[in-house]
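Hi,

Here is the structure I promised to pass on.

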Amino acid sequence: MTDSPNQSVLFNPARIGAVEVTNRFIRSATCEFMADDDGFVTDRLVSLLRGLAEGEVGLIITGHANVRPDGKASPRQAGVYDDGFIPGLARIAEAVHRFPSRIFLQIAHAGRQTKVRLSNGTPIAPSPVYEPEFDLTPRELTAVEVREVMDDFIRAARRAREAGFDGVQLHCAHGYLLSSFLSPHTNRRTDDWGGTTAKRALLAVEIVAGIKAACGPNFPVMAKLNATDFLPGGLQIEESLEIAGLLERAGLDAVEISGGMTEAGRGSVWQGLRAEEEEGYFVEAAARFRKALGIPVAGLGGNRTLARMEAVVREGRADFISLSRPLIREPRLVADFRLGRKAKSDCISCNKCFNPRGVSCGDLRISRHIPTKK
Ligand SMILES: Cc1cc2nc3c(=O)[nH]c(=O)nc-3n(C[C@H](O)[C@H](O)[C@H](O)COP(=O)(O)O)c2cc1C
């Protein structure tokens with residue numbers, strides 16, 4: 001390790017908008033697959049998120065919660081499309097706030113990257129561009145429906161605030177609905193919501209401004225954004241930087257940089273990382289956003305070694321370090337880093353954590369012969 005971890009810049013507080021985060025570690029949104037079949041919060045989900053707060057994660061971002069019933073991406077995903085979800089969500093905020101951690105709800109709509117069975121009808125998108133992985137052609141939203149989607153996101157943020165969350169993260173990455181509006185590959189519209197960069201960004205921009213107006217300036221709005229879709233004709237970093245600037249001017253408080261979409265065959269969750277040189281695979285992209293923007297930036301993707309994370313923040317390539325899979329395996333990792341008990345996550349990026357019966361480390365299950373929870 002470079003320094004004594006207690007003195008590391010990673011354990012200095014930093015702000016996202018009006019909210020102070022006690023350290024530089026973010027639990028990147030991770031679908032827990034632990035809500036009930038109707039999207040309501042369960043004891044198991046509360047307990048998992050409480051465990052991350054106990055493990056000293058500065059900012060916890062929940063798995064994506066769908067803002068409309070037709071925006072469901074996976075089974076046992078939490079919903080936030082009705083006021084009836086507020087009491088369950090409030091249990092999460094209350095459990096996390098027993099510790100110094102902060103918690104943001106990730107609000108999302110699956111768009112064209114879902115199954116007809118989950119969206120309960122033909123999935124929606126900016127344009128009817130065939131999705132090869134799900135083998136479907138989505139239904140194009142009318143201009144009136146785009147405004148409805150906008151209102152659904154704003155209402156979802158208002159519910160998160162009422163439930164006691166400290167902020168929200170807009171899921172504008174990975175090919176889901178907001179990402180598909182940003183991407184020239186999936187957005188072929190010629191009305192107000194497509195065409196130029198500014199028009200493709202308009203839905204996300206209006207949502208940011210609308211949440212600020214509805215929830216007040218002290219309720220932070222963060223976005224997870226693709227630096228690139230990894231798709232010819234898709235979003236590239238130069239355009240994404242321009243979009244981030246537009247979102248910042250609309251009131252965005254922070255951005256987390258990711259990449260990929262399903263049909264690109266390259267998503268955000270890269271498998272089989274082993275070498276230290278492979279760590280932080282979106283961090284160099286994040287550094288470009290940090291240079292261009294005045295808001296905090298989170299560096300993501302395969303962060304595993306404490307000394308490397310420390311260098312990223314110390315050298316100003318990102319303000320925060322985001323972790324997903326390591327915290328599935330080791331919910332106490334941040335506390336262990338602080339106490340000098342660990343210098344690297346044990347996560348081997350095998351991706352066996354994607355368990356629709358509840359996220360858990362597949363490598364640990366196999367090595368300890370722990371049966372999958374039914
Ligand atoms: C099981 C699992 C579920 C995920 N769910 C989400 C999600 O709901 N929203 C999201 O933006 N990213 C999601 N991701 C992607 C992670 O946030 C993160 O971007 C990616 O795993 C890379 O970080 P890591 O190398 O630290 O795991 C998920 C990843 C995993 C492994």
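Predicted model: local features only at pLDDT ≥ 70, side-chain atom pairs only at ≥ 80, totals over all residues.

Numbering runs from 1 along each chain as its sequence is written.

**Ligand shell**

The ligand has 24 residues around it, and the closest are Ser-28, Ala-29, Cys-31, Ser-324 and Arg-325. Which elements each supply at least two residues of that shell? They are strand E3 (25-30) and helix H10 (325-329); helices (H or I, at least four residues) and strands (E, at least two) are DSSP runs, numbered from the N terminus. E3 gives the most, with three residues. By class, the shell holds ten nonpolar, twelve polar and two charged residues. Here Ala, Val, Leu, Ile, Met, Phe, Trp, Tyr, Cys and Pro count as nonpolar, Asp, Glu, Lys and Arg as charged, and the others, Gly among them, as polar.

**Helix packing**

Helix H7 (residues 237-250) packs on helix H8 (residues 283-292) at an angle of about 40°, with the axes 10 Å apart. Axes are lines fitted to C-alpha atoms, for helices over the stretch in contact, and angles run from 0 to 180 degrees between N-to-C directions. That makes H7 oblique to H8 (under 35 degrees is roughly parallel, over 145 roughly antiparallel, 65 to 115 roughly perpendicular, and the rest oblique). On the H7 side, the contact uses Ile-237, Leu-241, Ala-244 and Gly-245, and on the H8 side Ala-285, Arg-288, Phe-289 and Ala-292; in contact means C-beta atoms, placed from the backbone, within 7 Å. Those residues split into six nonpolar, one polar and one charged.

H7 also meets helix H6 (residues 197-215): their axes come within 9 Å and cross at roughly 35°. Among the H6 residues involved are Ala-201, Val-205 and Val-208, and H7 brings residues including Ile-243, Leu-246 and Leu-247. This contact has ten nonpolar, one polar and two charged residues.

**Asp-135**

Asp-135 sits in the loop between strand E7 (124-125) and strand E8 (139-140). Is Asp-135 buried or exposed? Asp-135 is exposed, because 9 other C-beta atoms lie within 10 Å (20 or more is buried, 12 or fewer exposed, in between partly exposed, with C-beta atoms placed from the backbone). Lys-115 is 20 residues from Asp-135 in sequence and 9.1 Å away in space, C-alpha to C-alpha.

Cheers

Terms used: Near = placed C-beta within 6 Å. Contact = placed C-beta atoms within 7 Å.
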